[in-house]
Amino acid sequence: MIVEERNYSLKVGGVAEFMRIYEAEGLDLQRRILGRMVGYFTTDFGRLHQIVHLWAYRDLAERDQRRAQLAQEPEWRAFQQKTGPLIVEQTNRLLLPASFSPWFSDEGDQG
């Protein structure tokens, strides 16, 4: 099991608008295609105007297949057109679970 961490830095004041659009147009689509949402967060301390979300996959092949499928969806491209102008920077990290982590094997599979 792997976890992808995606971080978006948004324009000042952009978090509420991004979240409104995401909940209305992106959330159900991502849940259906990407499958295992670990969490979706906004920041309140430290670096502000941030959105952080985590998605779990069996391996990189599954991640690549699911992300490619999402990219083909016209609804997703329309969502990106609306939210893209709000994003200042994006960073992604691949998180590998430690051998003692519940996410290490399929026994920790949440979906």
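His 49 sits in the loop that joins strand S2 (36-42) to strand S3 (50-57), where helices (H or I, at least four residues) and strands (E, at least two) are DSSP runs numbered from the N terminus. The model is a predicted one, in which local features need pLDDT of at least 70 and side-chain atom pairs count only at pLDDT 80 or more, while totals for chains, interfaces and linings use all residues. Residues are numbered from 1 along each chain as its sequence is written, and side-chain values use heavy atoms, with hydrogens and water left out.

Although His 49 is not a glycine, its phi is positive, at about 65 degrees. Most residues other than glycine have a negative phi. His 49 counts as partly exposed because its relative accessible area is 30%; buried means under 20% relative accessible area, exposed means over 50%, and partly exposed covers what lies in between, with a 1.4 Å probe and protein chains only.

Side chains of opposite charge can pair when their charged atoms come close. A salt bridge here is a side-chain nitrogen of Lys or Arg within 4 Å of a carboxyl oxygen of Asp or Glu, and the count by this rule comes to 10. In one of them, the side chains of Arg 47 and Glu 89 meet at 3.3 Å, N to O, and this pair links distant parts of the chain, since Arg 47 belongs to the loop between S2 and S3 and Glu 89 to strand S4, 42 residues apart. Arg 47 counts as exposed because its relative accessibility is 54%, whereas Glu 89, at 38%, counts as partly exposed.

Strand S4 (87-95) takes part in a further salt bridge, in which the side chains of Arg 93 and Glu 5 meet at 2.7 Å, N to O. This pair also links distant parts of the chain, with Arg 93 in strand S4 and Glu 5 in strand S1 (residues 2-10), 88 residues apart. Glu 5 has a relative accessibility of 11% and therefore counts as buried.

In helix H2 (residues 60-72), a salt bridge joins Arg 66 to Glu 62, with the closest N and O atoms 2.7 Å apart. Both residues lie in H2, 4 residues apart, which is about one turn of the helix. Arg 66 counts as buried because its relative accessibility is 18%, and Glu 62, at 7%, counts as buried too. With a relative accessible area of 41%, Asp 64 is partly exposed. Between Asp 64 and His 49 there are 15 residues of separation in sequence and 28 Å in space, C-alpha to C-alpha.

Leu 60 lies in helix H2 as well, and its relative accessibility of 45% is why it counts as partly exposed. Together with Leu 94 and Leu 96, Leu 60 makes a nonpolar surface patch of about 300 Å².

Turning to the buried side of the model, helix H3 (residues 74-83) has Trp 76, Phe 79 and Thr 83 as its buried residues. Seen down the axis of H3, these residues fall within an arc of 60 degrees, so they line one face of the helix; the arc is that of the directions from the helix axis to the C-beta atoms. Pro 74 and Gln 81, on the other side of H3, are exposed. The cover over the buried residues of H3 includes helix H1 (14-34), H2 and strand S4.

Trp 76 and Phe 79 also belong to one aromatic cluster, together with Tyr 8, Phe 18, Tyr 22 and Tyr 40. The structure holds 6 aromatic pairs, a pair being rings of Phe, Tyr and Trp (its six-membered ring) whose centres lie within 6.5 Å, with planes under 30 degrees apart counted as stacked, over 60 as edge-to-face and the rest as tilted.

Phe 18, a residue of helix H1, counts as buried because its relative accessibility is 2%. Leaving aside residues up to four places away in sequence, Phe 18 touches Tyr 8, Leu 10, Tyr 40, Ile 51, Phe 79, Thr 83, Leu 86 and Ile 87, where contact means heavy atoms within 4.5 Å. Glu 17 lies in helix H1 too, but with 33% relative accessibility it counts as partly exposed.

How values were computed. Patch = residues over 30% accessible without salt bridge, like charges linked within 9 Å, V, L, I, M, F, W, Y side chains within 5 Å. Areas by Shrake-Rupley, 256 points an atom, 1.4 Å probe, with all protein chains shown as cover.
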